[in-house]
Amino acid sequence: MTEPREPQYDVALSFAAEDRAYVQSVAQILRDSRIRIFYDEYEQVALWGKDLYTHLDDIYRTKSRYCVLFISKHYATKVWTNHERRSAQARAIRENVEYILPARFDDTAVDGLPDTIAYLDISEMSPKKFAKLVKEKVGPRYSGPGFPTTIDRLWSAMGAEGADKSEKRRIYRIAYSFYDALRYMAPDERRVVAGIFAFGCDAELPKGVHISLDLISRMLGMEKESIVQHLAKIRTLDIKAELRESQIAIKHGELAPDDKDIMLSYWCRSSPWDDDSTEIAMRSIHCAADHFCTNHGVSVVVNLDFSRLSKSAIGLSARGESPTQ
């Protein structure tokens with residue numbers, strides 16, 4: 001069976017009935033955090049009448065992004081846990097991916113589970129702490145592409161929280177125009193723009209944001225030539241990129257023969273008289289991504305999720321919710 005592009009579950013939980021009390025606490029925390037989990041008690045209606053042997057094989061082999069095995073002396077002896085484990089192992093072997101996440105109550109050996117797979121010792125770990133680690137492994141849940149109707153976090157970042165309506169509308173218009181430009185870019189083009197605005201130096205604003213080509217290449221994991229090519233392709237989308245000699249190397253006389261600086265700016269054609277368009281674009285990236293780690297933050301922008309320009313989205317995120325749910 002071909003695996004769906006978007007798994008039905010973020011995590012499938014495989015455990016012995018004797019360990020249910022612990023696993024149930026973990027499942028409750030994960031569900032409250034909007035992590036999509038397969039936990040049998042939450043699926044009673046869906047499982048009713050199914051051929052469980054076939055259905056559970058499908059769940060643990062193809063329907064989840066990760067599978068947590070709660071290993072214990074009870075787990076190793078159960079027929080159904082061994083069936084679930086074999087299905088999960090078949091997936092891991094077939095795709096050669098990081099899929100099985102072992103969590104051990106004790107050091108019981110489990111057939112077919114290599115000793116080289118890293119595990120978590122949960123013998124003295126609380127369900128709350130373990131659930132937190134699972135959430136970190138899964139990563140943030142994104143809302144769909146979209147731009148909020150209220151951008152109070154961006155207004156605050158621009159020092160315009162107490163400004164009049166016309167000033168707020170101006171900032172909104174420029175920020176939305178930048179978002180609209182991103183919509184016409186390919187994902188890797190968005191990644192480059194987001195990375196430069198997120199990690200670049202703003203000392204030369206309003207002229208632009210600059211960063212070492214070598215540094216952004218390392219941070220994004222992209223070849224320098226590819227970054228330059230992507231920037232050249234989006235010139236018609238009001239993104240201006242300049243490649244110049246490294247200013248730090250020139251100032252300090254350092255040896256940097258292969259390094260260049262990228263200067264990036266945004267020009268809003270609907271507001272050509274405004275000289276802070278680049279700053280608004282940069283602050284928009286910061287507000288959209290600032291609640292995530294480096295990789296996830298850039299991915300939020302690539303996903304065109306600008307919901308966090310609104311304070312209400314941060315409140316939802318703190319409760320583990322998505323603005324679209």
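**Exercise 1. With which side chain does the side chain of serine 271 make a polar contact?**

Solution. Before starting, note that this is a predicted model, in which local features need pLDDT of at least 70 and side-chain atom pairs count only at pLDDT 80 or more, while totals for chains, interfaces and linings use all residues. Residues are numbered from 1 along each chain as its sequence is written, and side-chain values use heavy atoms, with hydrogens and water left out.

Step 1. Identify the partner: the side chain of serine 271 makes its polar contact with the side chain of arginine 173, at 2.9 Å. A polar contact is a pair of N or O atoms within 3.5 Å; within protein, one must be able to donate a hydrogen and the other to accept it, and residues adjacent in sequence count only if both atoms are side-chain atoms.

Step 2. Examine the surroundings: leaving aside residues up to four places away in sequence, serine 271 touches Arg173, Ile174 and Ser277, contact meaning heavy atoms within 4.5 Å. Serine 271 counts as buried because its relative accessibility is 0%; buried means under 20% relative accessible area, exposed over 50%, and partly exposed in between (1.4 Å probe, protein chains only).

**Exercise 2. Work out which residues of helix 9 are buried and what covers them.**

Solution. Step 1. Within helix 9, which spans residues 213-220, the buried residues are Leu213, Ile216, Ser217 and Leu220. Viewed down the helix axis, these buried residues fall within an arc of 105 degrees, so they line one face of helix 9; the arc is that of the directions from the helix axis to the C-beta atoms.

Step 1. The cover over these residues includes helix 8 (187-199), strand 6 (209-212), helix 10 (224-233), strand 7 (239-245), strand 8 (260-266) and helix 13 (294-302).

Step 2. Inspect both ends: at the start of helix 9, a side-chain oxygen of serine 212 comes to within 3.2 Å of the backbone nitrogen of aspartate 214, and after the helix comes glycine 221, whose phi is positive, near 70 degrees.

**Exercise 3. Describe the buried and exposed sides of helix 10.**

Solution. Step 1. Ile227, His230 and Leu231 are buried in helix 10, and, because they fall within an arc of 100 degrees seen down the axis, they line one face of the helix.

Step 1. The face turned away from that buried side carries the exposed residues Glu225, Ala232 and Lys233, whereas the cover of the buried residues includes helix 8, helix 9, strand 7 and strand 8.

Note on methods
Helix = DSSP H or I, 4+ residues; strand = E, 2+ residues; numbered from the N terminus.
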